[in-house]
Amino acid sequence: MTYWDTVGATKTFTHPLHHPWLAGIDPAARILDYGCGYGRTMAELVTLGFPDVSGVDVSPAVIARGRREHPDLDLGVIASPPTVDRPASGADVVVLFAVLTCVPEDEAQTALAAEVTRLLAPGGLLYVSDLLLRPGRPAVFTTSDGAVCRHHERDHLLRLFAGFDLVAERHLDVTTMNGNPASGIQLLLRRGEDDAGVVGGADPL
Ligand SMILES: C[S@@+](CC[C@H](N)C(=O)[O-])C[C@H]1O[C@@H](n2cnc3c(N)ncnc32)[C@H](O)[C@@H]1O
């Protein structure tokens, strides 16, 4: 059993949706929450007036919790990560909140970024929230309860989605799932209208 199927499935996740960034999005947008956890951000998006929200996550336990807490949400397990069994370009918006931090390896991050790009329609928005590397701290570390996490340089995240245009960026204080203070970064990125979804490689750690 992985961390996310055991202790991780009991945690409270915290990265906030920045409502001003949602203001210009068509209420009919097809929103996919990749690594949705127990549906926290999905439920908020529905409440904010976006009915077409679905979410996928690698952890069956986290998805089971989401189905208990939010029976009306469309939640699914990613059976063969990072690939989601859905057609290309089927989402107008992809939400990727505190997921890259759970994927420490460069190759796995690049594959995840490529899959997110495939799922997103050209011209669609990618809303990333993740954790910034603090000076003097290790990029990859194991928490006291066994999660392997990665914190990132800002430019690493931008390189990962090199085929996207940066629409907006904000830096914020966040609390980790273990209650520790951390530096968060949020990026609103737009996939080019006519690109082939080029995804950049990440620099090695
Ligand atoms: C910190 S939680 C954030 C959950 C949710 N995005 C939120 O903000 O409430 C990270 C989630 O990513 C999921 N996850 C971990 N590795 C993943 C992967 N390779 N692909 C998709 N989801 C993953 C975990 O199961 C967990 O639900």
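Which residues are buried in H4? In this predicted model, the buried residues of H4 are Asp106, Gln109, Leu112, Ala113, Glu115, Val116, Thr117 and Leu119. Helix H4 covers residues 106–119. Its 14 residues, at 1.5 Å a residue, should span 20 Å. The end C-alpha atoms of H4 are 20 Å apart, which agrees with that expectation. An α-helix has 3.6 residues a turn, so residues three or four places apart point the same way. Within H4, the buried set includes Asp106 and Gln109, and also Leu112 and Val116.

The overall fold comes next. The protein chain holds 5 helices and 9 strands. Starting at the N terminus, these elements follow the order α-β-α-β-α-β-β-α-β-β-β-α-β-β. The C-alpha trace spans about 40 × 40 × 35 Å along its principal axes. For 205 residues, a compact globule would have a radius of gyration near 17 Å. The protein chain has 16 Å, so the value agrees with a compact globule. Of the 205 residues, 48% are buried.

S2 has a parallel partner in S1 and another in S3. Strand S1 (residues 31–34) pairs with S2 in the parallel sense over 4 bridges. Ile31 has Val53 of S2 as its bridge partner. Strand S3 (residues 74–77) also pairs with S2 in the parallel sense, over 4 bridges. Here, Val56 has Gly76 of S3 as its bridge partner. Helices connect these strands. S1, helix H2 (residues 40–47) and S2 form a right-handed β-α-β unit. From S2 the chain then crosses through helix H3 (residues 60–69) to S3. This β-α-β crossover is right-handed.

Aromatic contacts were examined as well. A pair of aromatic rings is described by the distance of the centres and the angle of the planes. The structure holds 6 aromatic pairs. One of them joins Phe97 and Tyr127 in an edge-to-face arrangement. The rings are 4.8 Å apart, centre to centre, with 80 degrees between their planes. Phe97 belongs to strand S4 (residues 91–97) and Tyr127 to strand S5 (residues 120–131), so the pair ties together parts that are 30 residues apart in sequence. Phe97 counts as buried because its relative accessibility is 6%, under the 20% cut-off. Tyr127 has a relative accessible area of 2%, so this residue is buried too.

Ring pairs also link Tyr3, Trp4, Phe13 and Tyr38 into a cluster. Tyr38 has a charged neighbour. The charged end of Arg65 sits over the Tyr38 ring, 3.7 Å from the ring centre.

The C-alpha atoms of Gly8 and Gly37 are separated by 9.5 Å. Along the chain, Gly8 and Gly37 are 29 residues apart.

Technical notes: Residues are numbered from 1 along each chain as its sequence is written. This is a predicted model: local features need pLDDT of at least 70, side-chain atom pairs count only at pLDDT 80 or more; totals for chains, interfaces and linings use all residues. Side-chain values use heavy atoms; hydrogens and water are left out. Helices (H or I, at least four residues) and strands (E, at least two) are DSSP runs, numbered from the N terminus. The expected span of a helix is 1.5 Å times one less than its number of residues. Buried means under 20% relative accessible area, exposed over 50%, partly exposed in between (1.4 Å probe, protein chains only). Rings of Phe, Tyr and Trp (its six-membered ring) pair if their centres lie within 6.5 Å; planes under 30 degrees apart count as stacked, over 60 as edge-to-face and the rest as tilted. A charge sits over a ring if NZ of Lys or CZ of Arg is within 6 Å of the ring centre and within 35 degrees of the ring normal. Two strands pair if DSSP finds at least two bridges between them. A crossover is right-handed if, with the strands pointing away from the viewer, the path from the first strand over the helix to the second runs clockwise. The radius of gyration is taken over C-alpha atoms; the globule rule is 2.2 Å times the number of residues to the power 0.38.
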